[in-house]
Amino acid sequence: MANYIELTKYIKKNINIGDEDLKIVLSYFKTIKKSKNDILLSNGKNSQVSYFVKKGCLRLFYMDEEGKDVTRYIAFENQFATELVSFISNEPAQETIQVIENSELLYITHDDFRHLLKTIPKWKDFYTIYLEKAYVNNSKRLISFTTLDASERYKQLFKINPNIVKRLPNKIVASYINISHETLSRIKSKI
């Protein structure tokens, strides 16, 4: 189970789960390596997989009404990523999942995830915590778009998640905090 050390730590950090149940949960995850710019899920396809990032980076993005690419979520090491609305509702995804850096991932299928919810009571606790964190993060980001100016959003991002600023291209950083690439360049030149 050496391949699953990070995932084991992540699960145990969020729930108190017995060793036997943990072994069962881990047995449903598979390993995959993906290259930079690979697309894991295209807009319009059903999200049938949830990914855990062992190494690398994934981003979820969509195209707005003007055809501009908007980054909604970025997952680095020890984070999960899936197009959650599609994963839950089984409707076509409105977002795309793209590999931003060469990545090593663990993944679980929708059916296996649901099976674990029925058979491992603690997995329901894990899922509840995961959904709550996703809701809180999305709400905070949405509120920041209306209450903070561009410079404050950048400073907040740097404080909360400096990896995004340090590891990703300015185009993605700007897209993530909902500002233009030019505005981001001006902000960075003043800091």
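## Arg59 and its contacts

The side chains of Arg59 and Gln98 are joined by a polar contact of 2.9 Å; a polar contact is a pair of N or O atoms within 3.5 Å, where within protein one must be able to donate a hydrogen and the other to accept it, and residues adjacent in sequence count only if both atoms are side-chain atoms. The structure is a predicted model, in which local features need pLDDT of at least 70 and side-chain atom pairs count only at pLDDT 80 or more, while totals for chains, interfaces and linings use all residues. Residues are numbered from 1 along each chain as its sequence is written, and side-chain values use heavy atoms, with hydrogens and water left out.

A further polar contact, of 2.6 Å, links the side chain of Arg59 to that of Thr71. Arg59 belongs to strand 3 (residues 49-63); strands (E, at least two residues) and helices (H or I, at least four) are DSSP runs numbered from the N terminus. With a relative accessible area of 5%, Arg59 is buried, a term for values under 20%, with exposed over 50% and partly exposed in between (1.4 Å probe, protein chains only). Not counting residues up to four places away in sequence, Arg59 touches several residues, including Asp69, Tyr73, Ile172 and Ser175 (contact means heavy atoms within 4.5 Å).

## The annotated domain

UniProt, in an unreviewed entry, lists residues 28-117 as "domain: Cyclic nucleotide-binding"; such annotations may be inferred rather than shown by experiment, and the positions follow the numbering used here, with feature names shortened. This span is 16% helix and 51% strand, and its end C-alpha atoms lie 12 Å apart.

## Helix 6

Helix 6 comprises residues 150-160, and its residues Ala150, Arg153, Tyr154 and Leu157 are buried. They lie on the same side of helix 6, because they cover an arc of only 100° around the axis, taken from the directions from the helix axis to the C-beta atoms. The buried residues of helix 6 pack against helix 5 (121-147), helix 7 (162-167), helix 8 (170-176) and helix 9 (181-190).

At the start of helix 6, the backbone nitrogen of Ser151 has a side-chain oxygen of Asp149 within 3.1 Å.

## Residues of the annotated span and helix 5

The largest cavity is lined by Ser50, Phe80, Thr82, Leu84, Phe87, Phe113, Phe126, Tyr127 and Tyr130. On a 1 Å grid over the protein atoms alone, a cavity is a set of points where a 1.4 Å probe fits but cannot get out, and lining residues have an atom within 4 Å of a point. Helix 5 gives the most to this lining, with three residues.

Notes:
1 Å grid on protein atoms, 1.4 Å probe; cavity = no way out; pocket = protein on both sides within 12 Å on 5 of 7 lines; lining within 4 Å.
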